[in-house]
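Hi,

Here is the model I promised to pass on to you.

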Amino acid sequence: MSILVIAEHDNASLKAATLNTVTAAAKLGGDIHVLVAGHNAGAAAQAAAKVAGVSKVLLAEAAHLAHPLAENLAPIVVELARGYSHVLAPATTQGKNLLPRVAALLDVAQISDVIAIESADTFVRPIYAGNVIATVQSSDAIKVLTVRTTAFDAAGDGAAATIDNIAGGSDTGVSRFVSAELTKSSRPELGAAKIVVSGGRALASSEQFHAVLEPLADKLGAAIGASRAAVDAGYAPNDYQVGQTGKIVAPQLYIAVGISGAIQHLAGMKDSKVIVAINKDEEAPIFQVADYALVADLFTAVPELIAELNK
Amino acid sequence: MKILVAVKRVVDYNVKVRVKADGSDVDIANVKMSMNPFDEIAVEEAVRLKEAGKATEIVVVSLGIKQCEETLRTALAMGADRAIHVETDAVLQPLAVAKLLRAVADKEQPQLIILGKQAIDDDANQTGQMLAALMNLPQGTFASKVELADGRLNVTREIDGGLETVSLSLPAIVTTDLRLNEPRYVKLPNIMAAKKKPLDKVSPADLGVDPAPRLKQLKVSEPPVRKAGIKVGSVAELVAKLKNEAKVI
């Protein structure tokens, strides 16, 4: 039995989500091979070869793989998949875009957002915005899964695996990359941060969202997140959104500032180790999941918090 | 241009579901059901394309038990022209839905198929991608902006870290993200008018698809309950607790 992990990378380096996926793959038992498909992706392949537990890296290089378009990637994965018992990718936007396409071409079900592996064919995943946990068994010959990265530790360093070059396939031509607009941030990546400071509608404006939360995040070395209400109101960019439809985070410390705590938001953060909620509404549902609840006006409490941390 | 939109009847997003006592499934008897929120966005986008003169006909399709008719009537009231109900009592998983939708699309020959990015019950986020694979069409998933230009479709996608724009040849498949649009409220006269719009029924057998599930649900359970938290009286107390008790800062 061998397992294929689809690496997520930017050609130059490996994305952290790949490391969590390798850990999930290791729980299945068996040889772990990593596919790095890209353009001038030698450095990413080198990085993948150094991950503990990986026995082989397959490097598919072609100009049309410079951006991870599902239409061009899926045929390569499908071709390879027939030699594997499991195909895994992180449940990132890229993994979610690609893997169902692969599964359908293989005529197998896909299992999304796996949070635990019970055996080679039995997996645990959340449904209904994380309010229910389902255990499912697959009878398909090839199991195709996306892995919730926050549910598995990152794999460490290991010995160097071999790197094999494989064919990059052909450009299907039906889709092409036009442009990308990435949010620039010097803070830790939201999905991997140890501390997350998140703001909601109560911040009341984009200026205040940044003015109140940034000093706190900088003090704690934290990533900044947001509720859907804050994103919809334009206080924060879309990719800050934590929740059922945004990012799923599970940091050591999650500080919810002015967030009421709708079901959809809780789905994205309730596995955090310690949750702090600052809200002036004593009845806010966020207090039901908070380890430490502070009923206070955030505009006075957050500056006080920064001052206290500076002591 | 003809647009096909797939809509799903799900437990209303405000309902906190419960697990059945025997742990076999989620208890959705007597629970409020609604159109999946992402599918409302899909219908809205199709209607806007029609209002902009880019689309000529909008066909909505839903799969499942008899009550899915209500979901289809809602879509018709929003502005869809006609509906197709693939009626079945079978448990439908994304692969089966994708195969059934492919059979419908093969008959209807739409230029654009719009689905929600995920259903809020199974949270799978698979059907659109699977349909694109089965039909060998390009996919614009997690769309926050859709533009038709020169016979192609420019789709701005919400990705980790920001936005990405891709250009797709038509026919194409788009799955909607939350920020694509704000769905309209259905007005009473439109609800009345929707009752007169055509709604065709077909069965999976008519479409030549076996909808048998591939995944067996062994059990469902409530997630572990967090232990009750404590209320702190001041910021100083909060910081002290985080440092000495939780040891997270």
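**The annotated domains**

Residues 23–211 of chain B have their end C-alpha atoms 24 Å apart, and this span is 30% helix and 32% strand. Helices (H or I, at least four residues) and strands (E, at least two) are DSSP runs, numbered from the N terminus. According to UniProt, in an unreviewed entry, that stretch of chain B carries the annotation "domain: Electron transfer flavoprotein alpha/beta-subunit N-terminal". UniProt also places a feature of that name, again from an unreviewed entry, at residues 3–181 of chain A. There the end C-alpha atoms lie 34 Å apart, and the span is 26% helix and 36% strand. UniProt positions are given in the numbering used here, feature names are shortened, and annotations may be inferred rather than shown by experiment.

Before you load it: this is a predicted model, in which local features need pLDDT of at least 70 and side-chain atom pairs count only at pLDDT 80 or more, while totals for chains, interfaces and linings use all residues. Residues are numbered from 1 along each chain as its sequence is written, chains are lettered from A and ligands numbered from 1 in the order in which they are written, and side-chain values use heavy atoms, with hydrogens and water left out.

**Where the chains meet**

Chain A puts 81 residues in contact with 76 residues of chain B, contact meaning heavy atoms within 4.5 Å. About 6600 Å² is buried between the two chains, 54% of it from carbon and sulfur atoms; buried area is the accessible area (1.4 Å probe) that two parts lose on being put together, summed over both. Of the area that chain A buries against chain B, A:Arg101, A:Tyr128 and A:Tyr292 supply 11%, more than any other three residues.

The strands concerned are β16 (residues 292–295) of chain A and β15 (residues 230–232) of chain B, which pair in the parallel sense over 3 bridges. Two strands pair if DSSP finds at least two bridges between them.

The rule finds 6 salt bridges across this interface, a salt bridge being a side-chain nitrogen of Lys or Arg within 4 Å of a carboxyl oxygen of Asp or Glu. A:Asp107 and B:Arg214 form a salt bridge at 3.2 Å, N to O.

**Inside each chain**

Over all chains, the structure holds 29 salt bridges. Within chain A, A:Asp164 and A:Lys56 meet in a salt bridge at 3.6 Å, N to O. This pair links distant parts of the chain, with A:Asp164 in strand β10 (residues 162–166) and A:Lys56 in strand β3 (residues 54–61), 108 residues apart.

In chain B, strand β9 (residues 139–149) runs parallel to strand β12 (residues 172–176), joined by 3 bridges; B:Gly140 has B:Val174 as its bridge partner there. β9(B) is also joined by 6 bridges to strand β10 (residues 152–159), and these two run antiparallel. They form a hairpin with 2 residues between them, and B:Asp150 in the turn has a positive phi of about 50°.

**Backbone details to check**

Most residues other than glycine have a negative phi, and most peptide bonds are trans. A:Ala129 has a positive phi of about 55° although it is not a glycine, and this residue lies in the loop between β7 (122–127) and β8 (132–138) of chain A. The peptide bond from B:Leu170 to B:Pro171 is cis, with omega near -5°. B:Pro171 is in the loop between β11 (162–169) and β12 of chain B.

Best wishes
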